[in-house]
Amino acid sequence: MAWPTSSPGAISGEATSARLNLPERTTLTDLRARPANELPGVGPKIEATFKDLGIVSLADLVSHYPSRHEDLSNVKKISDLRVGERATVVGRVVSTRGVGKPVRGRSPGFSVQLYDGTGYIPATVWGRGWLQSQLVPDTWVLVSGEVQRRYGIQISAKSLEVIEDRDAQGGGENGPHAGRFVPVYPVNKGIQARRMRTLIHRALDEAGRVLDPLPAEVLARHRLPNLHDAMHEVHFPSERKRLKAAMRRLIFHELFLIQTGLAARKARIERTERGGRHVGDGSLLNPYLKALPFGLTGAQERVIEEVLADMRSEKPMRRLVQGDVGSGKTVVAVAALLSAVESGGQGALMAPTEVLAEQHYLSVSAALAGLPVRVALLTGSQGAAERREMLELVRSGGAHVVIGTHALIQKGVEFRDLSLVVVDEQHRFGVGQRMVFKEKGTLPDTMVMTATPIPRTLSLTLYGDLEVSVVDELPPGRKPVETRMVDLAEREDAYEAVRRELEDGRQAYVICPLVEESEALEDVRAAEELYDELVGEIYPDRKVGLLHGRMKAQEKREVMAAFRAGEIEVLVATVVVEVGVDVPNASAIVIEGAERFGLSQLHQLRGRVCRGLHPPKCYLIGEPKTEDSRSRLEALCEHQDGFKLSEVDLAIRGEGTLFGSRQSGMPDLKVAKLLRDIDILVEARREAFELVAKDLTLKSPDHRPLRREIRELLGADVEWLFRE
Ligand code: ADP
Ligand code: MG
């Protein structure tokens with residue numbers, strides 16, 4: 001298998017002649033079949049490094065794209081630098097030395113002396129100590145950071161990238177000044193930037209002419225270069241315009257493949273599966289709506305109508321209902337459930353936590369009290385006898401609406417005629433669970449609800465085969481939650497402010513700091529400690545309750561009931577109350593250790609107190625240790641709107657695997673960035689859906705390469721998509 005004449009790990013400077021016996025015209029599939037270590041110059045050491053970088057095959061190698069391109073026209077001459085500015089320079093390494101107090105013989109940072117022909121300047125780098133050994137004299141690096149005066153002028157490097165090692169001379173063909181754009185690769189300590197480029201160059205050579213799986217007319221319509229040219233241009237940029245077009249092409253490529261997969265999935269489901277037709281007569285829905293203590297918001301009315309229209313149709317419903325915390329999604333769910341029952345079926349409502357399932361059970365039962373609808377509850381903690389009774393009710397059809405946790409989809413649960421499934425807080429479940437209902441024969445209508453405020457464009461990609469409804473209006477009279485950061489020194493003031501709420505007859509949540517899941521017991525201890533402190537010191541005269549995940553179901557039920565009834569004024573809780581819990585009289589929330597929570601989690605928690613008519617308050621106690629955690633807390637103080645917050649969150653966290661395959665069943669993005677590339681996504685999506693509308697299974701010869709690509713991208717479990 002291995003290249004016979006190369007010694008492992010060695011790499012020669014000149015190009016090697018192509019001997020991998022790849023056809024002159026190759027496909028990505030061909031390249032995927034060839035391990036990267038077949039390439040001369042890839043020995044065991046580099047092979048291991050490649051693995052860390054996710055490079056296994058030749059296809060991975062040629063598509064190991066630069067994380068960005070540095071435009072050298074923005075680079076400053078060292079002689080022109082001014083103290084206080086942020087600047088980027090390119091220079092040759094003269095020398096390096098460790099700086100800072102060494103710990104166990106290793107310096108926490110290093111300083112590198114740079115020369116660019118106009119002058120010398122040292123740059124200080126903290127962390128990434130392994131880089132120092134790569135910075136042998138004459139290596140070309142690109143540094144950006146602030147120019148500071150400290151024993152003379154220096155740059156405090158925010159980033160330092162090796163762009164070429166010493167063998168490349170500044171004027172040489174591959175030197176940094178060869179073009180104006182320098183690709184910056186994601187590399188690690190196992191490999192130098194130049195070697196990476198050399199190997200990619202070689203792999204591209206070996207690969208020959210790479211065929212394009214995307215239909216030619218799609219490319220033409222969007223003026224996109226073909227894959228072969230785009231790959232070359234991105235690795236070895238020639239000019240700005242072509243580089244931009246090439247990047248655009250690769251982003252389009254990635255999004256188009258995913259969207260075509262989604263379109264195929266959607267078409268397949270619509271073509272082959274029949275759902276029930278729900279033609280309710282309104283005999284349950286109308287009295288339910290009439291009895292609500294409030295009028296529906298415009299958004300609720302619209303979304304309910306969208307859902308009922310889906311249910312009337314013969315196509316199985318697959319709809320995502322998105323709505324910010326407190327927008328009133330439960331009413332939408334109940335309306336759908338009643339419509340299913342009206343047409344003689346059963347409806348299920350699944351919640352991610354027992355606390356939430358119980359709450360839904362209580363509130364739905366109460367709302368339906370006067371109607372001939374039987375509601376059953378199914379959770380994991382029910383006793384054997386109770387469970388048997390519930391299962392029987394579900395099987396016989398005696399229960400019309402079944403509410404529960406994931407216990408709903410466990411073995412042994414059989415419905416008489418399940419015709420609608422509503423999944424609440426869907427982001428808390430995996431995809432697998434979303435699909436299980438389907439395996440039971442008939443295909444029920446499915447509606448998933450989420451408050452995770454994913455910007456709309458993201459939800460298109462994530463749930464591209466679902467229709468999306470947005471409850472984009474809050475019930476009238478909602479006040480913004482006054483949100484404050486409180487450092488530890490002012491902690492008592494926050495509790496004092498909450499005391500005033502209590503004196504006015506309102507209630508409050510106090511959320512314990514987040515503890516790693518693996519330390520569930522710690523979690524309980526932290527919660528108990530905080531509870532003791534509240535009872536003993538902070539609110540000795542108030543009724544304080546405690547709720548955490550390790551309590552018995554019955555205990556949890558009692559605590560929640562007491563809190564709902566106002567018998568508990570302050571509820572100390574872990575994140576078990578994060579989603580869905582609805583006690584309108586609670587008007588304040590204190591979040592301890594706020595810096596440990598994610599932004600969307602904090603937004604959810606804060607959502608617990610935006611439900612009443614009193615101006616609610618949220619106190620974020622803690623001391624953010626990083627810039628990111630500070631920005632998160634600041635964003636929360638500034639914005640109320642979940643959509644806005646999730647954009648901020650994305651900007652802070654980067655997109656990475658945040659919306660990865662775990663949730664969507666789709667691969668992670670490698671080149672595209674959703675927020676940045678929204679326009680490309682929209683185009684790719686439209687093209688993908690049009691293509692699939694014309695050729696459902698992509699069987700035309702023109703589309704076969706595309707089909708193969710999607711199969712390889714999505715894995716074996718998409719076979720069914722393309723069956724005739
Ligand atoms: P979420 O979308 O977060 O699940 P809920 O369905 O729990 O929101 O509703 C939040 C609160 O708002 C509940 O107390 C509910 O009774 C109330 N609510 C829902 N719709 C309206 C409305 N149209 N007018 C007034 N209050 C409403
Ligand atoms: Mg809810």
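Welcome: we start at Y151, which is found in the loop between strand 6 and strand 7 (153-164); helices (H or I, at least four residues) and strands (E, at least two) are DSSP runs, numbered from the N terminus. This is a predicted model, where local features need pLDDT of at least 70, side-chain atom pairs count only at pLDDT 80 or more, and totals for chains, interfaces and linings use all residues. Residues are numbered from 1 along each chain as its sequence is written, and side-chain values use heavy atoms, with hydrogens and water left out.

- Y151 is not a glycine, yet has a positive phi of about 45°.
- Y151 counts as exposed because its relative accessibility is 90%; exposed means over 50% relative accessible area, buried under 20%, and partly exposed in between (1.4 Å probe, protein chains only).
- R223 sits in the loop between helix 6 (216-221) and helix 7 (227-235), and has a positive phi of about 50° although it is not a glycine.
- With 76% relative accessibility, R223 counts as exposed.

**Strand 6 and its partner**
- Strand 6 (residues 140-149) is mostly covered, with 8 of its 10 residues buried.
- Strand 3 (residues 86-99) pairs with strand 6 in the antiparallel sense over 7 bridges; two strands pair if DSSP finds at least two bridges between them.
- G145 in strand 6 is the bridge partner of A87.

**Helix 16**
- D493 is found in helix 16 (residues 491-503).

Key:
Chains are lettered from A and ligands numbered from 1 in the order in which they are written.
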